[in-house]
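User: I have a structure open and have not looked at it before. Can you walk me through it?
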Amino acid sequence: MSNTTNAVLVTGAAMGIGRAVAEALAAEGRPLVLFDRDAKALQQAAAALGGNVVAHTGSVANLPDCEAAVRLAVERFGGLAGVSPNAG
C-alpha cells in the first residue's frame, strides 16, 4: 500500500486478527477507522493505537452501520483507500 493519505477501514478491529492488522497498519502511519461490535474493547484498541485512529461501533451485518463507518472515513480522512475485513 503506497497511498498513505486515505484511511483503511478495519472490521473486527477490537481483538484478534483485526486488532493485529490495525496495529500493523498504524505502525505504517496509516489513518484508520476501527469497526467492531464490542464498544469497550474497540475503544481500548483505539486508545492503544493512538495517532490517526477513529473508532466506530457497529455490526458488519447491519448496512446502516457499514455506511456510517465509510462516511466517517470520508469525513475524517477525505476518503477510503481500502478495507480489511476481519469480523466474524
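Analyst: This is a predicted model. One place to begin is Glu-23, which is partly exposed, with a relative accessible area of 38%.

User: What does the side chain of Glu-23 meet in a salt bridge?
Analyst: The side chain of Arg-19, with a distance of 3.2 Å, N to O.

User: How far apart are Arg-19 and Glu-23 in helix H1?
Analyst: They are four residues apart in helix H1, so about one helical turn separates them.

User: How many salt bridges does the structure hold?
Analyst: The structure holds one. In general, side chains of opposite charge can pair when their charged atoms come close.

User: Switching topic. Which residues have the most contacts inside the largest nonpolar core?
Analyst: Val-10, Ala-22, Leu-32, Leu-34, Leu-49 and Val-53, in a core of 14 residues. Two or more residues each come from strand E1 (7-11), helix H1 (16-27), strand E2 (32-36) and helix H2 (39-49).

User: Which of those gives the most?
Analyst: H2, with five residues.

User: What does Val-53 touch?
Analyst: Leaving aside residues up to four places away in sequence, Val-53 touches Leu-32, Leu-34, Ala-46 and Arg-76.

User: In what sense do E1 and E2 pair?
Analyst: E1 and E2 pair in the parallel sense, over four bridges. Val-10 has Leu-34 as its bridge partner in E2. Between these strands the chain crosses from E1 through H1 to E2, and this β-α-β crossover is right-handed.

User: What about E2 and strand E3?
Analyst: E2 pairs with strand E3 (residues 53-57) in the parallel sense, over five bridges. Here Leu-34 stands opposite Ala-55. The chain passes from E2 through H2 to E3 in a β-α-β crossover that is right-handed.

Note on methods
Residues are numbered from 1 along each chain as its sequence is written. This is a predicted model: local features need pLDDT of at least 70, side-chain atom pairs count only at pLDDT 80 or more; totals for chains, interfaces and linings use all residues. Side-chain values use heavy atoms; hydrogens and water are left out. A nonpolar core is a set of buried Ala, Val, Leu, Ile, Met, Phe, Trp, Tyr and Cys residues joined through side-chain atoms within 4.5 Å. Buried means under 20% relative accessible area, exposed over 50%, partly exposed in between (1.4 Å probe, protein chains only). Contact means heavy atoms within 4.5 Å. Two strands pair if DSSP finds at least two bridges between them. A crossover is right-handed if, with the strands pointing away from the viewer, the path from the first strand over the helix to the second runs clockwise. A salt bridge is a side-chain nitrogen of Lys or Arg within 4 Å of a carboxyl oxygen of Asp or Glu.
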